[in-house]
Amino acid sequence: MKLMNVKNVEGLFQVIDSCKGRVELVTGEGDRLNLKSKLSQYVSLTKLFNDTTIPELELVAYDPEDTRKLIDFMTGGNT
């Protein structure tokens, strides 16, 4: 799933932390980073994003409940 114009990065990572299963960030090169890892969260923030708004982000969630949490976050005005 693609997220656009994410401004509440901290909120997004809180939702990801609450997910049961694996949640991955897909990079532009096709690499996948496990965002349940704090190290991966830090690396993705510092390396991929230079300001407080993430223009586009592709995530893969393997648990259907986790997908619902991420969709709820996106549609709740928290992006």
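These are my notebook entries on a predicted model of one chain.

**Ground rules**

I number residues from 1 along each chain as its sequence is written, and I work with heavy atoms for side-chain values, leaving out hydrogens and water.

**Entry 1: the overall layout**

I began with secondary structure. I took helices (H or I, at least four residues) and strands (E, at least two) as DSSP runs, numbered from the N terminus. The chain has three helices and four strands. Along the sequence I read the order β-α-β-β-α-β-α.

Next I looked up burial. I called a residue buried under 20% relative accessible area, exposed over 50%, and partly exposed in between (1.4 Å probe, protein chains only). Of the 79 residues, 35% come out as buried. The chain exposes about 4800 Å². Carbon and sulfur atoms supply 51% of that area. Accessible areas are from the Shrake-Rupley method with a 1.4 Å probe, and for residues only the protein chains shown count as cover.

Then I checked contacts, meaning heavy atoms within 4.5 Å. Among contacts between residues at least 6 apart in sequence, 65% join residues at least 24 apart.

**Entry 2: strand β1**

I picked Leu3, in strand β1 (residues 2-6). Leu3 has a relative accessible area of 1%, so I logged it as buried. What does Leu3 contact, leaving aside its neighbours within four places in sequence? I found Leu12, Pro55, Glu56, Leu57, Leu59 and Met74. The C-alpha atoms of Leu3 and Glu56 are 5.7 Å apart, although the two residues are 53 apart in sequence.

Asn5 is also in strand β1. I noted its phi, near 50 degrees, which is a positive value in a residue other than glycine. Asn5 is partly exposed, because its relative accessible area is 44%.

**Entry 3: strand β4**

I moved to Val60, in strand β4 (residues 54-61). Val60 has 18% relative accessibility and therefore counts as buried. Leaving aside neighbours within four places in sequence, Val60 touches Arg22, Val23, Glu24, Val26 and Arg32.

**Entry 4: helix α3**

Helix α3 (residues 64-75) has twelve residues. I compared its reach with the expected span, which is 1.5 Å times one less than the number of residues. From first C-alpha to last, α3 reaches 16 Å, close to the 16 Å expected.

Which residues of α3 are buried? I listed Asp66, Leu70 and Phe73. They cover an arc of only 60 degrees around the axis, so they sit on the same side of α3. The arc is that of the directions from the helix axis to the C-beta atoms. The cover over the buried residues of α3 includes α1 (9-18), β2 (23-26) and β4. On the face turned away from the buried side I found the exposed residues Pro64 and Thr75.

**Entry 5: salt bridges**

Side chains of opposite charge can pair when their charged atoms come close. I counted a salt bridge when a side-chain nitrogen of Lys or Arg is within 4 Å of a carboxyl oxygen of Asp or Glu. The structure holds six.

I looked up Lys38 and Asp17, whose side chains meet in a salt bridge at 2.6 Å, N to O. That pair links distant parts of the chain: Lys38 is in helix α2 and Asp17 in helix α1, 21 residues apart. Lys38 is exposed, because its relative accessible area is 52%. Asp17 is partly exposed at 34%.

Next came Glu24. At 6% relative accessibility, Glu24 counts as buried. Glu24 forms a salt bridge with Arg22, with the closest N and O atoms 2.6 Å apart. Glu24 also meets Arg32 in a salt bridge at 3.1 Å, N to O. Shared partners join Arg22, Glu24 and Arg32 into one network of salt bridges. Arg22 is partly exposed at 40% relative accessible area. Arg32 is partly exposed at 46%.

**Entry 6: a surface patch**

Tyr42 lies in helix α2 (residues 38-48). Its relative accessibility is 57%, so I logged Tyr42 as exposed.

Key: Predicted model: local features only at pLDDT ≥ 70, side-chain atom pairs only at ≥ 80, totals over all residues.
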